[in-house]
Amino acid sequence: MTGQDDPMSLPTFRTEGLTKVYGAGEAAVHALRGVDLVVPRGELVVLLGPSGSGKSTLLNILGGLDRASGGTARFRDRELTGMGDGALTRYRRDHVGFVFQFYNLMPSLTAEENVELVTEIARAPMDPAEALRLVGLGERRHHFPAQLSGGEQQRVAIARAVAKQPDVLFCDEPTGALDSATGRAVLKVLADVNASLGTTILMVTHAAATAAMAHRVIHFADGAIRDVQVNETRLAPEEIVW
Amino acid sequence: MVTLLAPLDRKLLRDLWRIKGQALAIAAVIALGVLMLVMMTGLVNTLEETRRAYYDRYRLADVFAPVERAPDRVLERLAEIPGVAVAVGRVTGSALIDLEGEIVPVRAQAVSLPDHGPARLNDIHLTAGRMPDPDRGDEILLLKGFADARGLAPGDRLQATMNGARHGFRVAGLAQSPEFLYTTAPGEIVPDDARFAVIWMGRDALSAAYDMQGAFNEALVGLERGVNLQSVLDAIDRVLEPRGGLGAYGLEDLPSNFFITEEIEGGRKNAIAVPPIFLGVSAFLLYIVISRIVQAEREEIGLLKAFGYTDWEVASHYLKLMLTIAIAGAIAGSLGGIAAGRAMAGVYQDYYKFPFLVFQLDPRSFVIGVMTSVLAACAGGFGVLRGVFRLAPAVAMRPPAPADYSGTGRLAGLWSRLLDQPGRMVLRRLQRQPMRMAGGALGIATGMALSVGMIGVQAGFSKSIDLGFSVLDRSDAQVSFTHPQSDKAIYELGRLPGVQEVEPVRNVPVLLRHGLNDHRGTINGMLSAPRLARAMDEAQRPLTLPEEGIVLSTTLARVLEAAPGDVVTAEVREGRRPVLDIPVVAVADSLLGSPAYMNMEALNAALKEPGRVSGAYLRIDSAVQDEVLVAIKDMPGVAGVALKAETRDSIQTMMDSGMGMMRYIMLAIAGVVTFGIVYNSARIAFAERVHDLASLRVIGFSRGEAAFVLLGELGLVTLAALPLGALLGYGMAAAVSAAFSTEVYSIPLTFDAQSVGSAALAVLASAAFSGWLVKRDLDRVDLVTALKMGE
């Protein structure tokens with residue numbers, strides 16, 4: 001058996017000629033115009049680019065939330081682009097965690113219950129309380145979202161995402177709604193998760209400074225990759241200023 | 001730490017708590033729909049079961065066979081008829097009771113009691129006092145309903161005229177009987193407790209009064225099970241024929257039983273027709289509300305799917321939410337329906353004078369109520385869920401894409417001149433989600449239709465009475481004779497001072513047959529162009545009664561399935577009892593009873609009894625009415641006088657106390673349902689728009705300006721609902737008035753400006769009040785929280 005065939009040695013994602021078109025005819029919007037990309041296992045990858053450059057679309061397709069219009073996208077040895085609804089659901093349930101800009105917590109559930117929402121259906125989840133301790137919210141686990149600050153809510157969202165011990169964590173503007181100090185705390189949690197659990201992280205952001213903490217930075221423009229930069233040295237989240 | 005509930009279930013409970021106001025409003029509407037169904041079917045079942053048990057327990061006869069005079073030994077021959085289980089004879093006769101302060105004596109029926117022990121058939125239920133002493137001929141039992149209406153009690157004395165002789169009696173006790181649930185004086189169409197009495201007394205004394213010693217003039221027959229009624233009736237008629245048999249008839253033709261049957265059947269028809277309408281309206285509301293609640297949860301659905309929850313897991317989560325509301329409503333409605341049915345049965349027990357009540361529910365009504373609620377909730381929820389599931393989670397989590405406005409570009413210029421920004425928001429939303437707005441308008445319209453129908457029925461009842469007592473019958477009083485008289489009696493009536501107009505009438509009891517249908521009733525022989533008591537066609541033009549043929553009322557034509565051109569058979573039940581074949585010449589519009597009309601001379605000619613009258617309609621100078629009544633009372637052969645005003649009052653009472661009373665309850669429920677629908681529409685609009693409205697407040701709109709966006713939408717949807725509600729109301733009014741019509745009275749379809757206007761006002765008032773409630777909530781919205789929500 002060669003290293004090439006072992007799924008664990010394959011890159012987490014590999015895309016070829018990935019396209020996404022919304023609408024049709026004159027009104028068609030080309031969100032992705034042929035994206036070729038490799039995301040090695042265990043890396044923290046930052047996607048940078050202006051609004052509408054296609055980074056969120058790519059994230060949604062790789063996360064199994066949306067379907068590509070053309071090209072291929074592979075998660076390890078599995079083709080995502082051909083999967084049906086059921087297979088995508090299983091994929092999200094077993095391998096993927098999400099963190100969104102607006103946290104998307106269920107307002108009617110406590111912090112811990114929001115995490116349980118995911119551990120409930122995961123294959124090998126962490127203890128929800130432990131996940132909350134990981135993001136520094138062990139003490140506030142019985143609070144409702146309305147009783148938490150924005151940064152705390154985002155940390156709950158991260159705890160919820162990592163609690164299932166996903167292979168990949170997708171973060172769409174995780175610090176977009178936060179002030180810089182709170183944002184740094186959130187980034188630190190992400191870096192810790194990446195380092196301690198080996199979770200591959202794909203993070204979309206507007207904050208260019210965030211790139212300094214990534215293994216790899218992918219610049220987007222007009223639905224295509226303009227440039228890929230690999231950081232030889234990375235900054236700790238605490239050192240980032242934006 | 002409690003971990004018994006899965007997090008989704010905890011979300012469910014807290015979501016329910018969050019939308020508790022809305023959930024309660026929805027559950028209440030569906031509860032009312034179910035309540036109505038359970039109550040009506042329970043009530044009807046209870047009345048039917050109670051009547052059956054009452055008849056059984058007091059051994060009400062299956063066949064009644066009046067005869068001129070038959071010796072007691074004839075009973076043995078009746079008992080030998082195959083299928084007859086028991087035959088007893090009794091003496092009955094008509095009497096007149098003089099009451100203090102009453103000018104006109106009250107008509108009564110005297111009935112003999114067996115000399116020893118309880119009656120083998122037609123037993124009575126003693127409610128006060130004791131049985132008459134068989135050795136004392138002056139002791140009687142009095143029908144409780146009459147005694148109550150006239151304030152008589154055991155120990156009281158009264159005077160009665162029997163067979164022309166006056167007797168003094170002492171009331172020994174009061175009694176009820178399944179034979180006299182309703183009492184109607186001969187010749188009248190409406191039962192009235194106060195105007196007809198039943199006297200029970202010892203057989204000896206009564207036989208003496210009517211010269212019936214050793215004989216009977218009515219046979220009561222109990223049948224064995226499964227016997228063909230008609231063949232027994234024929235056999236009894238053959239036995240009694242030589243003795244002057246007047247025609248045996250079954251229980252179904254007993255007047256009291258006919259009325260109670262019509263009432264219960266009317267109730268059953270009502271229970272079948274009306275509650276489903278309420279339930280349907282409730283279910284439709286449930287469908288709309290649930291679909292909009294689920295629509296509002298779009299983002300959470302997308303999120304759950306992003307986590308990897310399957311469609312089925314997400315669907316079952318919302319299914320639980322919908323079913324909790326629907327089933328809670330259905331259960332509340334069932335329990336409320338049981339309580340209401342029980343309470344109503346108690347009211348009707350008094351009204352129908354049942355000595356006891358057998359409360360019986362219809363399990364099907366629960367099943368139907370719960371199933372309808374569940375199906376409506378599921379249809380509403382799954383319709384939306386299917387749409388959401390079709391979307392990729394990423395799309396579902398975004399708010400729905402804005403609609404394409406390029407087509408409205410030309411209007412934009414006009415708008416900008418006419419409308420300010422909030423006005424445009426209202427209009428754009430109507431335009432952007434026309435289906436949702438149409439659904440809202442349709443919901444309010446069905447609520448309004450319910451009110452239109454129920455208000456229309458109230459007017460229909462009044463119209464029915466007005467037609468009967470103001471248009472058709474323009475007399476003041478009706479005189480009836482004990483036996484048909486020569487028309488000289490008419491001249492004598494006309495000569496009385498104060499009598500302004502007299503119109504003869506010849507009423508003949510008949511059994512009308514057409515094909516397989518028959519009807520026991522009366523042919524009213526009238527002048528060819530009567531002025532006081534008239535028959536009218538559907539356009540309310542007076543009908544002239546031709547020399548030949550019979551005119552049937554609409555109800556009777558329906559019962560007999562006969563139309564002009566058909567020939568009906570009339571088996572006359574008095575005199576020489578001829579059987580006549582008479583062509584139907586017209587159908588007359590009558591809303592009370594089911595009369596048949598003929599030209600009096602033609603009728604008399606057919607009977608070979610020229611110049612005979614059985615009564616008269618009078619117009620009386622109201623200043624001397626009492627003197628006229630005294631004079632009539634002293635005329636020979638007069639059986640009684642019915643004042644139209646009293647008759648009108650008694651039918652009004654019947655319509656207001658019997659099944660007709662249901663219309664008031666239904667009107668109240670219709671009002672509540674209508675309000676519930678409008679309020680729900682307002683609440684949903686509020687829930688859907690709370691973020692937009694908070695944003696408006698944040699950028700500097702006043703509370704009033706922000707509220708305008710919401711209330712303007714509610715106002716427009718409500719206005720759109722009004723014409724639609726009027727349209728649907730027409731159908732509703734037709735269905736409901738048909739459901740309330742019986743053979744005793746018909747309720748015409750009434751759809752007039754007044755019903756529609758009243759219902760529209762009710763809807764507008766509901767909308768204003770709902771708007772006020774929602775505005776209050778809007779004023780309380782925490783802007784900071786709303787801002788933090790981002791989207």
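Reader: Of the residues of chain A, what share count as buried?

Author: A residue is buried if 20 or more other C-beta atoms, placed from the backbone, lie within 10 Å of its own. By that rule, 48% of the 242 residues of chain A count as buried. Keep in mind that this is a predicted model, where local features need pLDDT of at least 70, side-chain atom pairs count only at pLDDT 80 or more, and totals for chains, interfaces and linings use all residues. Residues are numbered from 1 along each chain as its sequence is written, while chains are lettered from A and ligands numbered from 1 in the order in which they are written.

Reader: What radius of gyration does chain A have?

Author: The radius of gyration is taken over C-alpha atoms, and the globule rule is 2.2 Å times the number of residues to the power 0.38. For 242 residues a compact globule would come near 18 Å, and chain A agrees because its value is 18 Å. Its C-alpha trace spans about 50 × 45 × 40 Å along the principal axes.

Reader: How many helices and strands are in chain A?

Author: Both are DSSP runs numbered from the N terminus: helices are H or I with at least four residues, strands are E with at least two. Chain A has six helices and 10 strands.

Reader: Now the sheet in chain B: in which order do the four strands stand?

Author: In general, strands of a sheet pair through backbone hydrogen bonds, either parallel or antiparallel. Here two strands pair if DSSP finds at least two bridges between them. The four strands of this open sheet in chain B follow the order 2-10-1-11, with antiparallel pairing. Strand 2 (84-90) and strand 11 (249-250) of chain B are at the edges with a single partner strand each, so one side of each has no neighbour in the sheet.

Reader: How many bridges join strand 2 of chain B to strand 10?

Author: Six bridges join strand 2 to strand 10 (residues 215-223) of chain B. Across from B:Val86 you will find B:Gly222 in strand 10 of chain B.

Reader: And which residues have the most contacts inside the largest nonpolar core?

Author: A nonpolar core is a set of buried Ala, Val, Leu, Ile, Met, Phe, Trp, Tyr and Cys residues joined through C-beta atoms within 7 Å. The largest one here has 257 residues, and those with the most contacts inside it include A:Ala159, B:Ala108 and B:Leu142. Helix 2 (residues 20-57) of chain B gives the most to this core, with 20 residues.

Conventions: A residue is buried if 20 or more other C-beta atoms lie within 10 Å of its own, exposed if 12 or fewer, and partly exposed in between; C-beta atoms are placed from the backbone.
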